[in-house]
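Have a look at the model first, then read on.

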Amino acid sequence: MLDSYGTEAKERVGFFTDTSVCIGCKACEVACKEWNLVPEDGLVWTGESYDNTSELGANTWRHVAFIEQGEPEVDALRWLMSSDVCKHCTHAACLDVCPTGSLIRTEYGTVVVQEDICNGCGYCVPACPFGVIDKRHLPRQDPPALPLITKKEDGRVWKCTLCYDRLKGGHEPACAKACPTDSIQFGPLDDLRERAERRLEKLQAQNANGARLYGNDPDDGVGGFGAFFLLLDEPEVYGLPPDPVVTTRDLPGMWRTAAIATGALIAGVAAAFVGGSR
Amino acid sequence: MGSNMAENHPVGFQWVMEARERGARIFHVDPRFTRTSAMCTDWIGIRAGSDIAFLGGVVNYILEHGRWFEEYVKHYTNAPVVISEEFADTEDLDGLFSGWDPEKGKYDVSSWQYAGMEVHGAAGQREEGFQPTKGEGSGHGGHGGGLKHGEPPEEDPELQHPRCVFQLLKKHYARYTPEFVSETCGCSAEAFVEYCDAICDNSGRERTGAFCYAVGWTQHTVGVQYIRTAAIIQQLLGNMGRPGGGIMALRGHASIQGSTDIPTLYNILPGYLPMPHTEAYGDFQSYMDANTSPTGWWGNFRSYWVSLMKAYFGEHATEENDWLFKSLPRIDDDNSAYWTTLQMLDGKVKGYLIAGENPAVGNTNARAHRLGLAKLDWLVVRDLVEIESAAFWYDSPEIESGELRTDEIPTEIFFLPAAAHTEKDGSFTNTQRLLQWHWQATEPKGDARSDLWFYFHLGRLIKQKLAESEEPRDDLIKALRWEYPTHSQIQEPNAESVLQEVNGWEIETGEFLDGYPKLKDDGSTVCGCWIYCGCFTEGINQTARKKAHWEQESYVAPEWAWSWPANRRLLYNRASADPAGKPWSERKRYVWWDEAEGKWTGLDVPDFKEDKEPGYVPPDDAKAEEAIAGDHPFIMQADGRSWLFVPQGLEDGPMPTHYEPHESPFDNPLYSQRANPRRQQFERPENPYNPVANEPGAEIYPYVATTYRLTEHHTAGGMSRTVPYLSELQPAMFCEVSPELAEEVGLEHGGWATIYSTRAAIEARVLVTDRIPSIEVQGRKTHQIGLPYHWGTRGLTTGGSANDLSSIALDPNVHIQEVKAFSVGIKPGRRPRGEALPAFVEQMRNRAR
């Protein structure tokens, strides 16, 4: 996938988010916002356990989900916590549909929006099978919440860049750096996949606990995630699609079918003319 | 227990996670199922305020089932020591120990002594109204004991004597059975026994276990005794002074450990030296006599003290003038923060300086604090932002209700912006006594200045103004050494020069000292804090060392920063070897006696006189550390042993006893003495108390409330409610209630609740969750209410202050407030506004009469 970079291509990197050691501290959310100057996303108390972020969006590039399970006296309580992020898909529909070339595959194999090229058309928003990429609507606030973010209506799309700028400087992404328990691990994707397999084996040997990998399979609907997970329950429990498929997967086939149909139509029309001249 | 480590100490918690990953079993015993519980292998839910019942049950289990570590207990603790025959236990006196004076409301501790000994020093010379023990107000306990040499007069090595500590302990805890624990704490007896087995199995020669606690243990009217109970368990199981053992006081925020070592407390000087007292110590000699323990390391008290005076006053402190002892300021009472607030309410305090605190939100009965501040002549607040304590005069619940009127408040308020830790150099001292240096990352903005800048220039200006003064009262300020180099445009004092003074030097050579054994009592050494001596050895800032553990040979990682004392990472580590000096096991080897070299050695700096043989027996006239036998690792104690039974140093008993919280819906199942008899109470109009237990009106406040912090906010909120990235993560005050309580009173998830005590009412969003289950206590269904305490009227997210609800009722040893267990009522809906709010509180109060 990085052939076009020639000698500038780097080893593909990504995240392995091991939710079995996530303590729900949200340091990843804060570190991400601090580094990337992502604006505050609204002071709304949701009542959804300790999750007041609710979902990924233009102003939330890391989101820690909190899921309370079990009933005291019936079974053991569980409180699942998981830090969600852009999956940096191998087959990324957002990138496929972008008409301006703003969305690119970087030399690290990550998917990044170039904010100076994005024209805010929003095609990528419905294309993402995870609902990650999102248009930014800044609240009109005077003075702005942060001195560096002075723009009001933005309109462009934003998402995790896997800290492209930090990677260029030889640093790991801010969320991984801040994570106190190494729940968020950064590294070459191949290494992470191996590490994840070993981790899964260990957990399953100890006590299965519902442990499973999510997004590590290169043969899945998006060709494997660049940022994949170890979950302790079904993906749906965390608000994740169980079997995500790149939304542009059927496009070539559709175009082929359309082309054949068009050809047939042209041929038919031509035949009609030919026949008519008789 | 008593801590929510994953939420409040997430960085330190990484090591707990690592232990879990390596197979350690981690229990969380807490009223709520928190993020910590979620990470632990086991969670046991208990009633807030019942921890001594739980831990006492563990003590009983250990003794009943013979699970104690015999050799350790016999040699290293005071289990064999015979106690005075005048001693009587709570089991004999229905909840009181001998020596209780109902008139004075306090104990005479003389009957708690070792048999055949008189009471020594400070503990025996306490004056009316105040007890200037070694650690008064800091909880650092009495270390004395009038031992002629390090050995107690009467011992029974077989632990059979009916008055030996071991037998007293057995008797004291005999009724703390698993059934008692279950009925009192509300957990199942099976879960409790499983817990007991787990920690016993994980102790002994081959294994060790640790306790971690935080303010969930301390903030009770019996807080010190909570920790004492854990100490008894750890001594019985042989888990002190050994790797992987111990009792960790989790404290890292705002360098809380550092601010007791070099204290911001009123009653101690740096290194836990007691503050002179108007009555308790007459002249210099009696101060010295009272505080110099004849045996143990406190025998060198004079060296520590004289060196401190040389650091303060340089050439002005001399042997002839008793090192200026006579001129030093004195305390004359419990001069703690809460006492001062009550004096404020009485109009007896003119001026007040608040730095790094927000009492109008963070202290218990915050309302009383706001009312007190409104009676001052002047108030200085130094903080990052204009916090509630600086804004109460125009923005507070009392202004809203009309109880305070801005134009009637006489207080002149000065707000001085403070620099954040990123804007200054300095050190933090954390849980494990590790001093870690940090560097300034950016210049403070505008008028914001560091604390160091503020106090240095304040002192400089005062000295300047008083330079010509002839008044004797100004002598001390004139004598102050105040020589710190400054740099940058704002003349920031050099923080390292302060650390140098803290470390100390020999006056003649100017050489930095490498440890406290070098301190002299003749005025030839300077040292700002004896326990920190060595942190600037060889002129190098040892606290700034940042060599990662994976770059070091030893897992103890001695080259990361510097820990007091003497860069020793584990205190009393001689206990990691058996009495003969051999490691208890290969697996747990740490410090041991090297026969060939004739000295102690190991992975850490041995906490023992290097060449003292394990078989050393002190001669009769031995003093200080020479009086400690070779097989007694606890060298700060006069007898070199750890104390299962505390003969002196505690206000409320030599052994921990289950007492109900000051405001509890329950009677004490053990005794007619309901709560800690020695607790400090201050009943007055600003601080009324809820009716409790079976008193009429108790049913108005029937629920157990407990306050806590969230990861997303910092204490009273001054540093987090103003930050958008943190405020959005927890944007509203909420309360946690069980589905059963919600149903009982009609609370709706996501809606509003009004929570009230006899002092105040606040509102909060309702979070109905199974994580705070209702429990069965003494046969009664009991509901608990969880209240984060971060909110106030200022900042990006505002809300009711949980501390408005709680009362000023304090632990007698350290004067800490009981906010981890108190009683409240709750009803659906938002609180009344304006004048209707105090009217509502009064209405409920009247109903409870």
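Let's begin with helix 20 of chain B, residues 451-466: its 16 residues reach 22 Å from the first C-alpha to the last, close to the 22 Å expected at 1.5 Å a residue. That expected span is 1.5 Å times one less than the number of residues. Helices here are DSSP runs of H or I with at least four residues, strands are runs of E with at least two, and both are numbered from the N terminus.

Keep in mind that this is a predicted model, where local features need pLDDT of at least 70, side-chain atom pairs count only at pLDDT 80 or more, and totals for chains, interfaces and linings use all residues. Residues are numbered from 1 along each chain as its sequence is written, while chains are lettered from A and ligands numbered from 1 in the order in which they are written.

Which residues of helix 20 of chain B are buried? They're L452(B), W453(B) and F456(B) (buried means 20 or more other C-beta atoms within 10 Å of a residue's own, exposed means 12 or fewer, partly exposed is in between, with C-beta atoms placed from the backbone). They cover an arc of only 95 degrees around the axis, which puts them on the same side of helix 20 of chain B; the arc is taken over the directions from the helix axis to the C-beta atoms. Over on the other side, L458(B), L461(B) and K465(B) are exposed.

Now for the sheet. Three strands of chain B form an open sheet in the order 9-10-11, with parallel pairing (strands pair if DSSP finds at least two bridges between them).

| Edge strand | Residues |
|---|---|
| strand 9 of chain B | 351-355 |
| strand 11 of chain B | 412-417 |

Each of these edge strands pairs on one side only. Strand 9 of chain B and strand 10 of chain B, residues 378-383, pair over five bridges, and A355(B) has R382(B) as its bridge partner in strand 10 of chain B.
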